[in-house]
Amino acid sequence: MKKLIYRIYRKMNYIFRRIYVHAAPKRYALNRQERKTRIIVSLTSYPGRFAHIHTALKSIMLQTVKPDKIIVWLDEDVSRHRFTAKMLDLEQYGIEYRAMPGDLKPHKKYIHAMREFPEDIIITVDDDLIYAKDVIETLLKTHERYPKAVCARRVHKITKKPDGEIASYNDWLGEYCGYDTPAHDLVATGVGGVLYPPHCLYEAAFDEALITDLSLKADDIWLKFMELLNGTYVVWAPCRIPMPDLIEKEQETSLRSENVTQSRNDVYFANVQSYFHVQTDAFDIKE
């Protein structure tokens with residue numbers, strides 16, 4: 001009965017969120033006050049998503065706490081003539097589009113921002129979701145409690161098999177809300193919104209050759225190991241609905257399908273774990 005009530009609540013919340021985002025007037029999206037540590041919202045996109053990205057961006061523009069920048073990173077061959085009129089319209093409200101060399105796929109979401117703004121807070125989001133208006137606010141509240149941890153509204157808890165080895169990704173505890181303290185057995189999932197404090201990743205995090213060889217299509221897995229190797233914990237940022245609303249159901253990408261339903265995440269996890277010689281008991285530690 002509780003699950004049914006939650007599903008109904010979640011569906012109603014999605015409906016009202018869609019109405020709010022579409023109906024609310026556009027307004028300037030960026031903070032105008034001086035901050036010691038800036039907040040950079042970072043995401044990536046490609047032309048196949050351009051028809052709907054303005055909806056995701058508008059949901060970020062309507063946040064209760066405004067960031068200092070909102071940057072959409074694109075491949076260098078994506079020219080402005082491919083932008084929609086709605087994308088171009090959002091530039092006057094503070095949205096930036098930047099084309100960058102290299103084909104880092106989902107890793108573009110964080111890597112360019114962290115390189116350019118190493119002393120600032122980076123918050124990553126996706127381009128095909130409608131975000132609740134308090135995403136930045138809830139992430140910052142958790143960051144204030146645990147300033148050195150990666151804070152995420154949606155996390156999975158790593159589980160183990162009876163023999164002590166890491167269980168398959170599909171057997172982990174998804175959207176885990178069991179505790180809100182930092183731990184190494186939690187994996188931040190980018191779709192929910194993730195806050196990265198400055199210098200939270202291991203030195204190899206930006207090695208593009210390694211990323212390409214080991215985990216090109218699974219940024220969440222790569223980032224988990226880069227956090228673990230750096231001694232950085234992950235913490236769940238409490239919220240009622242961890243998973244934002246997908247803008248268009250048919251827009252769900254083959255990348256997510258491949259990684260989850262075809263168990264590619266297990267391959268990427270094994271690749272990175274083996275390369276860096278990470279022991280399974282490293283994931284047992286809590287702060």
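Here is a short walk through a pair of helices and some aromatic rings. The model is predicted, so local features need pLDDT of at least 70, side-chain atom pairs count only at pLDDT 80 or more, and totals for chains, interfaces and linings use all residues. Residues are numbered from 1 along each chain as its sequence is written, and side-chain values use heavy atoms, leaving out hydrogens and water.

Let us start with the helices, which are DSSP runs of H or I with at least four residues, numbered from the N terminus. Helix α1 covers residues 2-23 and helix α2 residues 53-61; they pack at an angle of about 90°, with their axes 9 Å apart. That makes α1 roughly perpendicular to α2, a label for angles of 65 to 115 degrees. Where they meet, Val 21, His 22 and Ala 23 of α1 touch Thr 55, Lys 58 and Ser 59 of α2, with contact meaning heavy atoms within 4.5 Å.

Now to the rings. The structure holds eleven aromatic pairs, counted when ring centres of Phe, Tyr or Trp (its six-membered ring) lie within 6.5 Å. In one of them, Tyr 176 and Tyr 179 sit edge-to-face, 5.3 Å centre to centre with 75° between the planes; edge-to-face means planes over 60 degrees apart. Tyr 176 counts as buried because its relative accessibility is 18%, and Tyr 179 is buried too, at 17%; the cut-off is under 20% relative accessible area, with a 1.4 Å probe and protein chains only. Elsewhere, ring pairs link Tyr 169, Trp 172, Phe 225, Phe 269 and Phe 283 into a cluster.

Conventions:
Axes are lines fitted to C-alpha atoms, for helices over the stretch in contact, and angles run from 0 to 180 degrees between N-to-C directions. Helices (H or I, at least four residues) and strands (E, at least two) are DSSP runs, numbered from the N terminus. Angles under 35 degrees count as roughly parallel, over 145 as roughly antiparallel, 65 to 115 as roughly perpendicular and the rest as oblique. Rings of Phe, Tyr and Trp (its six-membered ring) pair if their centres lie within 6.5 Å; planes under 30 degrees apart count as stacked, over 60 as edge-to-face and the rest as tilted. Buried means under 20% relative accessible area, exposed over 50%, partly exposed in between (1.4 Å probe, protein chains only).
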